[in-house]
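Please keep the sequence and the 3D view open while reading.

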Protein chains: 2
Amino acid sequence: MSGKMNARPAAIGIVGLGLMGSSIVASLLAFKHPVKAVAPLRGEKEAGYKRILEQLLLCEKFDMLSDPFETYLALLTVSEDFDDLKDCELVVECIVEDISIKEVVFKKIAAVIPKDTIVASNTSAIPISILQKMVPDPQRFIGIHWAEPAFATRFLEIVCGNQTSEATADAVIALALSWGKEPTVLKKDIRGFITNRLMYAVYREILHLVEKGDTSFANADKCFRYDAGSWMTLMGIFRRMDYTGLRDCFTAYRNIFPLLSNSDDISPQMQTIADTRSRGIQNGKGFYSYTRDEAAQWSQAFSVFNKDIFRLAANYPEHLSGEEGEHT
Amino acid sequence: MSGKMNARPAAIGIVGLGLMGSSIVASLLAFKHPVKAVAPLRGEKEAGYKRILEQLLLCEKFDMLSDPFETYLALLTVSEDFDDLKDCELVVECIVEDISIKEVVFKKIAAVIPKDTIVASNTSAIPISILQKMVPDPQRFIGIHWAEPAFATRFLEIVCGNQTSEATADAVIALALSWGKEPTVLKKDIRGFITNRLMYAVYREILHLVEKGDTSFANADKCFRYDAGSWMTLMGIFRRMDYTGLRDCFTAYRNIFPLLSNSDDISPQMQTIADTRSRGIQNGKGFYSYTRDEAAQWSQAFSVFNKDIFRLAANYPEHLSGEEGEHT
């Protein structure tokens, strides 16, 4: 795949080469963006470089690379030195979700970058409005939230803090498009962003139904896999309503909204998950149980599925048809 | 595709040949089940037969038929005569969502079927516990809820009423598997069933966020298409949580549940949708606006997407790995 820009784009700095950071680096390289990767932790440089290679090899395996592998690798530098970030048009922080460690990293970034560089965080836990107070120019600070694995998902959430300027958001939207993404923009800093926030509404309701004994986790999974899953990637939420004709929506809302759970309580099942230190496929204990082999199979299946669904989603671009209507 | 049974299965009766009924008939024929279709409305017999043919031609186009087209058509009778149902092992009502009309139809069905025939409703609006009071043997009454288009979706929701027997549920589960479905079973008659019910929780939250001006319908659609859509069909809800490692779930729930909308109010946007008689792609007005061409493109896209996602979902069967754990 090739970037949309004619000239070689300016470098993008990535700080933090954990799973997510490495995956983001690979996804940028695949679209031919030069990347300055900085690994602040001891030993992270070597481990991070290996992870980036692995992710980039996956890009090749998934036919995302049109040029020789070396072409992409030549766009990358990995170091422990924040000075490397000095020519970047954008620097993205991808380190641990610890606010005081982030503050130190933002200081180090600010010390080397030029005035017009945009600084971003890949956080999914800390409000952008809080993080942007830690940089000299909050207007040029923004959230950029990738989904994992970054190279194989079309999703990218751009999150503005209270002080983020429109110019900053526009610049990042343009970049995101050149990375092959379908960016969404959150004008305000909603706790949990959109997808997570909406999924929490789902969790609250389904945990409530399971607790009442009305259904099981496995049944709920089937419903979302085969029913919601049969249109979700094509239509999203509101286009789906348009598709079904909207006739009974109004009555149904009036009937069903009052039945939904409004509870703030943690369900007993979630309490058990926490008490037993269940970590899902990471330690084999969760809503389902997994052998080591089964956990590996799920990781593998997700990679392959992601490739397939990435391609499938690309067949139905946003501009297929249907402008946003007068009610939106 | 071929049914799993060795002997030719007993006929299945379908009453009502609207869009959904016709689509169900085609999906049963594709798996070589003999179907007795009854069209109670004036003129419905001819229109219904045409619709069934169209749906079956789509099955052929999507490579679902291994034998000559005629083989499947030979399994079908279409009439206006309830007497045709007398040899059916299962009769499914697919008529309009009107409780008094359904009562008349159930009486007509009961008058001709043998004692051990199961009677079902494809309703998505009326509780099964209410409908089953209208038949002589409520234990052998059940809800079977297809997703549209019935031939191309793996989803099938089996809904028990208060009086439905376990034997009835088991018999319908076995049938559903022979129709190529992945049935889910609702032991209780939850208003809105599972998927709809969970989606209402999503609607409540997103309508609230849009009303506050935090995001737009189009952004929410992108999030669900590209983010949730990147794992939904593979994992469902709880397997996804297992996959992400469950580490921060507990804290996130405690932080975010209290922020979710608990409102029973209809949002101004939904009120406008109702007031303007918006019918989505049916009349071009909805959350988005559509020309006639664009509406047709979406219908076409959904058919093709359904074929693709049906196949993709089939690559990842439920038994891939991971047994239901101790907490489920």
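A crossing of two helices is called left-handed if the near helix is turned anticlockwise from the far one by less than a right angle, and right-handed if clockwise. The crossing of helix 1 of chain A and helix 2 of chain A is right-handed. The model is predicted: local features need pLDDT of at least 70, side-chain atom pairs count only at pLDDT 80 or more, and totals for chains, interfaces and linings use all residues. Residues are numbered from 1 along each chain as its sequence is written, while chains are lettered from A and ligands numbered from 1 in the order in which they are written.

**Overall form of chain A**

- Chain A contains 13 helices and 10 strands (DSSP runs numbered from the N terminus: helices are H or I with at least four residues, strands are E with at least two).
- The C-alpha trace of chain A spans about 60 × 50 × 40 Å along its principal axes.

**Domains**

- Chain A is divided into domain 1 (12-186) and domain 2 (200-320), with bounds from an automatic or database domain assignment.
- The C-alpha centres of these two domains of chain A lie 28 Å apart.
- Their contact takes 7 residues from domain 1 of chain A and 6 residues from domain 2 of chain A (two residues are in contact if their C-beta atoms, placed from the backbone, lie within 7 Å).

**Helix 1 and helix 2**

- The axes of helix 1 (residues 19-30) and helix 2 (residues 44-61) of chain A come within 8 Å and cross at roughly 50 degrees (axes are lines fitted to C-alpha atoms, for helices over the stretch in contact, and angles run from 0 to 180 degrees between N-to-C directions).
- Residues making this contact include A:L19 and A:V25 of helix 1 of chain A, and A:I52 and A:L56 of helix 2 of chain A.

**Chain A with chain B**

- In the contact between the chains, 105 residues of chain A meet 106 residues of chain B.
- Helix 7 (residues 194-211) of chain A supplies the largest share of chain A's side, 13 residues.
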